Amino acid sequence: MRLVIDMQVGQTSSQYSVSGCRSVRLVKEMAKLNSFHEILLVLNSAFGDSIDFLRDEFEGFIPQSNIFVWTGVKREGWGDDDGYRKVSGAMYEAFIADLNPDVVWIPSLFEEEDKGAVTSIGAFTKKFPTAVTVDDFVWKKQQSFDSSTHSTQKIHFLKIEHLRRADLLFFASNRAKREAHLYLNIPLESQAVICNAAEDVYVHKTVTDAEYSHLSQTYGIGEKFVVCPIDLNFKEFFTNFLSAVRRLPDSFRKTYQFVLAFTHSLGEQEGYILNCIDELGLDRSIFCILELPSVADKSLLYNASSLILYSSFCEYAINFLEVLSCGSLVITESNLDLSPVIVDQDSTFISHDTDSLANKIIEVLQNEELQSTLKQNGINQAKKFNLNQNARYVLEELEKLHVSYSHLHSTPVLPKKRLSLAFVSPLPPQKTGIADYSAELLPELHRHYNITVISDQEKETCLWSCPDIRLRSVSWFRRHSGQFDRVIYQVGNSSFHAQMIDLLLQIPGVVVLHDFFLSDLMWHLEAHGRSPEWTNALVAEDGWGAVVSRMKAQGGTEVESIVRKYPCNINVLQRAEGVIVHSEFCRQLAQQFYGPSTGEDWALIPLVRGINILSDKNKKQELCGVSEDVFFVCSFGALGKTKLNHRLLEAWLDSSMAKDPRFYLVFVGENHNDDYGRDLLQTIKSSEFGDRVIITGWADEEVYHSWLLKADVAVQLRTTSRGETSKAVLDCMSYGVPTIVNANGPMAELQRDSVLMLEDNFNNKDLSFALNYLVNLQDQREKLGREGRACIINFHNPRYCADLYRDAIERFANKVENTSPGVIDYISSYDSGFNFIEFSRAMANNIRPSYRLPRIFIDISAQIKTHLHSGIERVTCSILRKFLADRREKYIVEPVYATADKEGYYYARKFTSRFLDIPDGWAEDAPIDACSGDVFLSLDFEPNIMMNQHKWLMSLRRQGVLVYSVVHDLLPVTMPEVFPQSGLSGEIHQRWLQMITKFDGALCVSRTVADELFDWLDQFGEPRRRPFALQWFHHGADFTTANTDGTAWVEGRQIIDKIKSRVTFLMVGSIEPRKGYLQTLQAFDLLWKQGVDVNLVIVGKEGWKELENNNRRDIPETVEMLCSHPEKGNRLIWLDKCSDFALEQIYGSCNCLLSASYGEGFGLPLIEAAHHGLPLLVRDLSVFREVTGGHATFFQDDRSPNILMKAVIDWLQVYKSHGYKEFQRVPVQSWEHSKNQILEAILNRIPPYRLWKK
Amino acid sequence: MVKSDPIEIKNVNELFCLRGEDFVNAAYRVFLGREADIHGLRYYLGRLALGYDMVDVVDQLSRSPDCKVNTEIEGLRALLRVHRRQKHWLLRWFVPAKANVLSGVFGERIDVNGLLAEALAGMNKSNVFFEKLADKIVDSLGALQKKTEELVVVARQPSSMVEVAQVSHAPSYVLSDDDVVDGFLTVLGRTPENNEVIEYHRKKYSSIPELYSALMEAEEFFLREKSLSPSARLMFRRTIVNMKVSRN
């Protein structure tokens, strides 16, 4: 059973109420029990925060992918309440219907409408049975309405309307059940009673002194007290109670306190309560007014109480079983039916009777023996009901409902009325197979529908055989589509169908997909300047790889290969209300392109083929004037590579038939003047039997027909089918011609005994054998011909197919009417005061898209905003390039971005086009469509924009999209002393970390950063129940460097010469305090003074130029030293502008890379240098040990120049005595590998490196 | 990467020997006297990728405002003359086939059937066009005759009756003010600016679908659509179209 549960009860303010908590616990218990039932939860996006809460809550009970979030419309979008209720109710029901439930359970029907809660039963659809839980309180409420509560009264009765349409009602007591029968005539058998078990905290225990003093301090309650729960909606009971208190003896009033408990919004009501007390002349001090305490205190209160009054007016605030579980003394109204939890008659008082109440209080409080019996009975009784029992019971009842409902609604009901159908298709004499197909189908389909054909052509010429069918133009249809109950499109891969693509966008309908590939049509649309349909289809269906190959294609054959490779049918499929195909093969193709469950609901209807009545072989001679002796082997259809005509020719020429003058081989169809056609002709010409091989050329109807009559055997071969069903084969069968085929594409689905079927990859021997077999055995020929004809008669006849059509059309229509697409029709009768933009957005969110592979959205906002040449940018570009070059696998990569001024993320189509160096004229940066199962990866670092989008990203995550961020480092937080003095970088970084750690995971650029982030989380992380995944990956070293700026490096020669003249240490990175330049300069200053003859080359810009000098830490000093050092330009070389090309050259000529950085996230220059084979002398940081794999020379992490100086001298010694061989090569990886590391992490293919939760 | 010096194009065939980027650059040098900029390069490579002929590119460049007419290139003028004729909606039917111009240069297969089909489609289109035009003329003639008859009747009335008669013959419009306001709200999400706008639309369109269709052509509508993701856009369009036809 597929059970859908609406969990709004856990989202609204009732989240904290008894029923909210109870429902959450109950569902969890059901999930625990559930062995073969599938439980799906539906949440309302209007209560955003609670989604996180509930997703956390159900973690481990219900898979996250079974939690669905729906979006309604806002009240403000509507003119009036009624319209709003209808539309949001329909959207709610439709969303649930989309989930295809067997049973739906709504644990709480009365939810706060004003805050966006929506519940609705059977107002839009009756596709599934609905069970609903109703508080017993509902009838009391109904009695309490007076003229002042008009609006709440209306809402109440609207909900009661829904209640009437429910299929099963759950109540908490038999009394409520009977009342439902009484008030609403709801039969008792569609109701059930769940006695809500007490929570575990409600247990009987001895109250300690400490606890008594806690009660006294917190609530002002003494050791002896009587609890009376009150609800001021029912003032009568409250005043009765006060009167009873007045009748109690003085001693009682002195001994006991009277606790007026659990009132809501006490502030407003306190005055009234005190007033009543005063009016009766009672002492205020013996009363204590209590708001809703915590669960633990409530349990304590029950245990500590001397007596509790339980009336029908307090069911909302108190769960009876909880009171009993605590072993409290309870007295109840005598007419209160609490079965099946039975109560002693000794403990009841008569309702509305003050004396009875007062007497009962006195009696119970005085009789200790009675007290202990009552308490023990209560505890025993409560034990019978527990959560597990509740959960089992609910599931059982729901399953019963499912069984009885499916029993009732198992057979689909076909409409009795003759509906109107718009049939969009070309008709003869248009030269397309689909026109002929439609002409054959229409007379039979007209039996079921009142058909109007939509086509821009003349009526007289095409519909002569069914004069009753109307023909209308496309423009007429655009205006009058509302007249039709059903619409069907016959779609094929040719320009005849060009108009349909746009029509489908506006007027939904069922699509008959004659060709799985629609790429020629899409190409046609794009080439003729309409809109970039083709490119858009490629990007949506296959991602950027396909777009690049399409844009870079040169010339006809390359373009054609793209057209052949990608089906480009996504726009048609996504716009279709249902899909009809002619072969199972099409479905398999769809699964290959769009994932395993695609096409499950498609209808498979064989290609219509009328039977030829004239096909009597004996008439061959007289009809065609051919001698009986002549034997024709024919192949029908235009010639071409994919028809394997050459194979047939070869087999025939090799066989004995070729030598026999009675035998002819006939190709009925046009031979193209291409390489293939020419080769074929050449082979025929050069053969000695070539004169008996005939190619008829383009065959019109008459010629085609006559050859079908003449043929003795037909051979129809295919290769690389793209899903189209061969009409020629069916023609042959229909004429009773014995036919040989190979099992390629849809032909493989032909009935085995109706044709002679070779393997898909047959060899020439097989074919020759099959030919000889049929040529020699006349009875086998006749049998095969008969079987073929029988197959056409049985499975392809128009009448049979038309019936299948009707079934399919009605099935699709039924689905559409009862699910989200049907809402559009449903609302068309409403006024236009509605915000359709918001409605469309919500609908797009609610409808889970089909024919869509999961997306990986890569956030590259920083790239869009600026073009810094920073390390992070280079990393982003390298990884992005790898992602985009990726062959489409089980996901599609889409770069996206956000801007500071607009909410939401956009496709970065223009940027990506430029990035990939292809035209961007086609591209539009539209808002993104994301859905559950997608992944969002923030690849670069743009904290401000990302923090602006925080809310949006949160809602994305609530929908079920996994959000990951790449963390390059934590340095502004961990090492503030090397960042600008009064800058905000530390604070911003901290806030950014706080934000991203609320999402699903981080991809750190090294294991060290991952560990640092883990420590940071321990210190600053906010509590979370679902763990935060920490993963790491390493950068690649293979940057693609091209001399892009084109300028030659003028002074290069000179510098390289200088570098090569001595041992040279290289430092790469902008001049910032963190990089340890000052320390290095000082160290080298010492070295030079000591006469050590080495070069120091520094490649990097001066950093933080936009800041004031006093904010720049040691930069001014460093730059001063760089500029004024006596060795400047000699042994000290500073290149502040350096192209990638130049850097490459420098890497190639230095002797050692020196990195004195105090801290790095990764240390890109290290592996770049390693990539060039340079030895490394680096500070002993754990991150450097990690990225170099320990294969570097490390110097102590100390900021004094002496340490570094010594390290250089040591290094030089090793170098001078052993040369390079002493230094081990550092292993480096490629960007391809980096990309794969990221991919495996975000697709959860490898377990996370570390998990954090608190 | 070092670029080889471009060869100077003397004959148009030399131009067509080049491929891809080289071709576009050479064509730029011929017509605009400079290298192609990155945008231009991308644009024309995109056209080629779409299956446009090289001649199309040449033609387009030669129409550029900065084009220096280059007569020194052998065969260029003749080529462009024939090519433009082929592209002309009417003249194209008098040009034998593309093949004559280009087959020598490209050696490509000529799809005669395709061309024939295209020609037929074109003919059909113009037929339909002329038929529609004829229908319109007949309609207008009819209307004119009717008006004349009315005028004759009116002229025979006493002068005091003329005014009344004119009022009663004032065209009655199908749409109401509410319909127009409704249409604006549904399609554009706002009310019309003022009464004149309402009046204008009320008189201009004879049915609700017509009004809706016109409003859906407005730039404002496209901008509204643009704020939506592709799937929301589909919903939006369907909703509006559904409103349009259901109110008809």
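**Aromatic pairs**

I began with the aromatic rings and found that the predicted model holds 38 aromatic pairs over all chains, where rings of Phe, Tyr and Trp (its six-membered ring) pair if their centres lie within 6.5 Å, and planes under 30 degrees apart count as stacked, over 60 as edge-to-face and the rest as tilted. I looked up A:Phe516 and A:Phe517, whose ring centres are 6.0 Å apart with planes at 65°, so this pair is edge-to-face. A:Phe516 is buried at 0% relative accessibility, and A:Phe517 is buried too, at 6%; buried means under 20% relative accessible area, exposed over 50% and partly exposed in between, with a 1.4 Å probe and protein chains only. I also noted one aromatic cluster, formed by A:Phe1065, A:Phe1084, A:Trp1088, A:Trp1211, A:Tyr1215, A:Tyr1220 and A:Phe1223.

I then turned to charges over rings, which count if NZ of Lys or CZ of Arg is within 6 Å of the ring centre and within 35 degrees of the ring normal. A:Lys710 lies over the face of A:Trp707 at 4.1 Å from the ring centre, and A:Arg909 lies over the face of A:Tyr907 at 4.3 Å from the ring centre.

**How I read the model**

I kept in mind that this is a predicted model, in which local features need pLDDT of at least 70 and side-chain atom pairs count only at pLDDT 80 or more, while totals for chains, interfaces and linings use all residues. Residues are numbered from 1 along each chain as its sequence is written, chains are lettered from A and ligands numbered from 1 in the order in which they are written, and side-chain values use heavy atoms, with hydrogens and water left out.

**The two chains**

For chain A I noted 51 helices and 40 strands, both being DSSP runs numbered from the N terminus, with helices (H or I) of at least four residues and strands (E) of at least two. The C-alpha atoms of chain A fill a box of roughly 130 × 105 × 50 Å along the principal axes, and 59% of its 1254 residues count as buried. Of the contacts in chain A between residues at least 6 apart in sequence, 75% join residues at least 24 apart, a contact meaning heavy atoms within 4.5 Å. Chain A exposes about 52,100 Å², with 49% supplied by carbon and sulfur atoms; accessible areas come from the Shrake-Rupley method with a 1.4 Å probe, and for residues only the protein chains shown count as cover.

For chain B I noted 13 helices and zero strands, and 35% of its 248 residues count as buried. In chain B, residues 24 or more positions apart account for 54% of the contacts with a separation of 6 or more, and the accessible surface comes to about 15,600 Å², of which 57% belongs to carbon and sulfur atoms.

**Sheets in chain A**

I looked up an open sheet of six strands in chain A, which has parallel pairing and the order β10-β9-β8-β11-β12-β13. Its edges are β10 (287-289) and β13 (348-349), each with a single partner strand, so one side of each is left without a neighbour in the sheet. Two strands pair if DSSP finds at least two bridges between them, and here β8 (residues 225-229) and β9 (residues 257-261) of chain A pair in the parallel sense over five bridges, with A:Val227 opposite A:Val259.

I then looked up strand β3 (residues 67-70) of chain A, which pairs with β2 (residues 38-44) in the parallel sense over four bridges, and found A:Asn44 opposite A:Trp70. From β3, A:Ile67 and A:Val69 point one way and A:Phe68 and A:Trp70 the other, and all are buried.

**Two single residues**

Where does A:His1034 lie? I found A:His1034 in the loop between β33 (1028-1032) and α44 (1052-1061) of chain A, buried with a relative accessible area of 13%. Its side chain makes a polar contact of 2.7 Å with that of A:Glu1186, a polar contact being a pair of N or O atoms within 3.5 Å; within protein, one must be able to donate a hydrogen and the other to accept it, and residues adjacent in sequence count only if both atoms are side-chain atoms. Leaving aside neighbours within four places in sequence, the contacts of A:His1034 include A:Val1005, A:Phe1162 and A:Gln1237.

My last entry is A:Arg678, in helix α28 (residues 675-686) of chain A, which counts as partly exposed at 41% relative accessibility. The side chain of A:Arg678 reaches the backbone oxygen of A:Asn673 at 2.9 Å, and A:Arg678 touches A:His672 and A:Asn673, not counting residues up to four places away in sequence.
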